Amino acid sequence: MTRQQLERCIEEHGKAIYSFCRHLAGNLQEAEDLYQDTFLSAVELSDRIDYESNPKSYLLSVAVHIWQNRKRKFAWRKRIADMRPIVDERDEESSEATDLSPEEQIIDREQAEIVQKAVHALPERLRIVVLLFYIEELSTAQIAAMMRIPKGTVLSRLHQARKLLKRELEEVFDEKSDG
C-alpha cells in the first residue's frame, strides 16, 4: 500500500475505525490510543494491506488484536500489582437537529445509554463480535476470518450475546415501565 492509498484509507475509513475503537475501549483516552496504534501498525504493515480488497476489515482486525494484547497485558500486570481501572470519561457528541421533541430526545438518549452499558458489560469475547457485527456491519464469515476463529464460534457468540442482552434489557426496561 502506498502512502497515498494509506491516506485515502484513513480518509475513507478513519471515522468508522475510530467509532469502533470508542465502542470497544469504552472511554475516550483508551479509544484514541487504540485508534492511533491501529494506524501506526497500518503504516508499519502497509506492505501487507491490499487496498483493493478490504482495508477496513484489515484495520478493524488490527484494532481488535491490539486491544486483546492490551487486555492480556493489563490482566497480567493486575495479577502482579493490582491497579485501579481508568474511570470512563463521558464525551458528549454534538447532537444533530431531529424531528423529535426534547422529551423524546432524552428518552432516546437514555435508552441508547442503557443499551451501550449492557453491551459494554458483556464479556469481551462476546462484545467484540457484537460490535463487529452490529456497529461495523461485518458478516459472520468476515468476523471469523478477522478473529481467526470458526464461523460457528462467531454465530455461537452472537447467540450468547443476544441472549444475555435480551435478559438484561428486558429487566431494565420492565423496571422502567413498572416505575
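**Aromatic cluster**

I looked up the aromatic residues and found that Y18, Y35 and F39 form one cluster. The model is predicted, so I kept its limits in view: local features need pLDDT of at least 70, side-chain atom pairs count only at pLDDT 80 or more, and totals for chains, interfaces and linings use all residues. Residues are numbered from 1 along each chain as its sequence is written, and side-chain values use heavy atoms, with hydrogens and water left out.

**Aromatic pairs**

I noted 3 aromatic pairs in the structure. Rings of Phe, Tyr and Trp (its six-membered ring) pair if their centres lie within 6.5 Å; planes under 30 degrees apart count as stacked, over 60 as edge-to-face and the rest as tilted. Y18 and Y35 are edge-to-face, because their ring planes stand at 90°, with the centres 5.4 Å apart. I placed Y18 in helix 1 (residues 3–25) and Y35 in helix 2 (residues 28–44), so this pair ties together parts 17 residues apart in sequence. Helices (H or I, at least four residues) and strands (E, at least two) are DSSP runs, numbered from the N terminus.

I then checked F133 with Y134, which is an edge-to-face pair at 4.9 Å centre to centre and 85° between the planes.

**Accessibility**

Buried means under 20% relative accessible area, exposed over 50%, partly exposed in between (1.4 Å probe, protein chains only). Y18 is partly exposed at 24%. F133 is partly exposed, also with 24%. Y134 has 42% and counts as partly exposed. For the chain of 179 residues, I recorded 33% as buried.

**Helix 1 against helix 5**

Which way do helix 1 and helix 5 run relative to each other? Their axes come within 10 Å and cross at roughly 150°, helix 5 being residues 124–135. Axes are lines fitted to C-alpha atoms, for helices over the stretch in contact, and angles run from 0 to 180 degrees between N-to-C directions. The two helices are therefore roughly antiparallel (under 35 degrees is roughly parallel, over 145 roughly antiparallel, 65 to 115 roughly perpendicular, the rest oblique).

I listed the contact (heavy atoms within 4.5 Å): S19, F20, H23 and L24 from helix 1 meet R127, I128, L131, L132 and I135 from helix 5. These residues divide into 6 nonpolar, 2 polar and 1 charged. Ala, Val, Leu, Ile, Met, Phe, Trp, Tyr, Cys and Pro count as nonpolar, Asp, Glu, Lys and Arg as charged, and the others, Gly among them, as polar.

**Whole chain**

I counted 7 helices and 0 strands.
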